[in-house]
Amino acid sequence: MGPGTQATGTAAEPTDTVGLALAAQGTLLDAVARYRALEPDLAARHAELAAARAAEQSAQQQVAAARATVGTGAAVLYRSSAQARTPLLGLDVRAAAGTRDVLHLTALAERAAQDLEVDVVQAERAAVDLTLATRRVAVAEAALATVEERAGTVLDELHAEVGELGADAAAQLAALGTG
């Protein structure tokens with residue numbers, strides 16, 4: 001190869017200040033374009049995380065309310081007498097007149113027990129919903145971290161490129177931007 005010639009398929013490294021500035025400008029514009037392309041994804045991931053956290057907070061409130069309902073029902077049941085919990089104990093064959101009242105109280109006690117069972121099931125479902133909401137938050141956090149890492153990598157590349165510029169090339173790059 002003679003002087004001033006270059007091997008086929010290789011790019012010449014710019015050695016003059018203008019060439020360095022132009023090469024840096026292309027690299028910087030590419031990095032800026034890649035970062036801007038990530039911005040909508042970052043915004044979407046932030047919105048998803050905010051929505052997931054709001055759903056998790058709502059699920060926590062539902063769990064607290066359901067547990068309070070179960071606790072209240074259980075406390076009422078605990079404080080009630082054995083006669084109130086099982087009115088059939090008050091059934092007396094010798095006092096047939098009270099049978100209707102005992103059967104009515106029994107139906108009420110059975111209804112209260114069924115309501116408490118429904119409350120317990122709802123509390124269990126609320127706890128499952130909270131677990132799912134917590135998992136969605138973790139997934140949203142991971143997705144956001146992934147996009148933030150990609151954006152951070154682009155910014156690091158940008159900073160490295162700027163850091164490698166000499167003062168003359170940086171000044172020339174600035175002049176290119178204002179021209």
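Q: Is Arg 53 buried, exposed or partly exposed?

A: Buried means under 20% relative accessible area, exposed over 50%, and partly exposed in between (1.4 Å probe, protein chains only). At 42% relative accessibility, Arg 53 counts as partly exposed. This is a predicted model: local features need pLDDT of at least 70, side-chain atom pairs count only at pLDDT 80 or more, and totals for chains, interfaces and linings use all residues. Residues are numbered from 1 along each chain as its sequence is written, and side-chain values use heavy atoms, with hydrogens and water left out.

Q: Which residue forms a salt bridge with Arg 53?

A: Start with the general idea. Side chains of opposite charge can pair when their charged atoms come close. A salt bridge is a side-chain nitrogen of Lys or Arg within 4 Å of a carboxyl oxygen of Asp or Glu. Here, Arg 53 pairs with Glu 141, and their closest N and O atoms are 2.9 Å apart. Glu 141 is partly exposed, at 36% relative accessibility.

Q: Where do Glu 141 and Arg 53 lie?

A: Helices (H or I, at least four residues) and strands (E, at least two) are DSSP runs, numbered from the N terminus. Glu 141 lies in helix H3 and Arg 53 in helix H1, so the pair ties together parts 88 residues apart in sequence.

Q: How many salt bridges does the structure hold?

A: It holds 7.

Q: What space lies in the largest pocket?

A: On a 1 Å grid over the protein atoms alone, a pocket is an open set of points where a 1.4 Å probe fits, with protein on both sides within 12 Å along at least five of seven lines; lining residues have an atom within 4 Å of a point. A volume is the space filled by probe spheres set on the points. The largest pocket has about 220 Å³.

Q: Which residues line the largest pocket?

A: Among them are Gly 73, Leu 77, Arg 85 and Leu 116. H3 gives the largest share of the lining, 4 residues.
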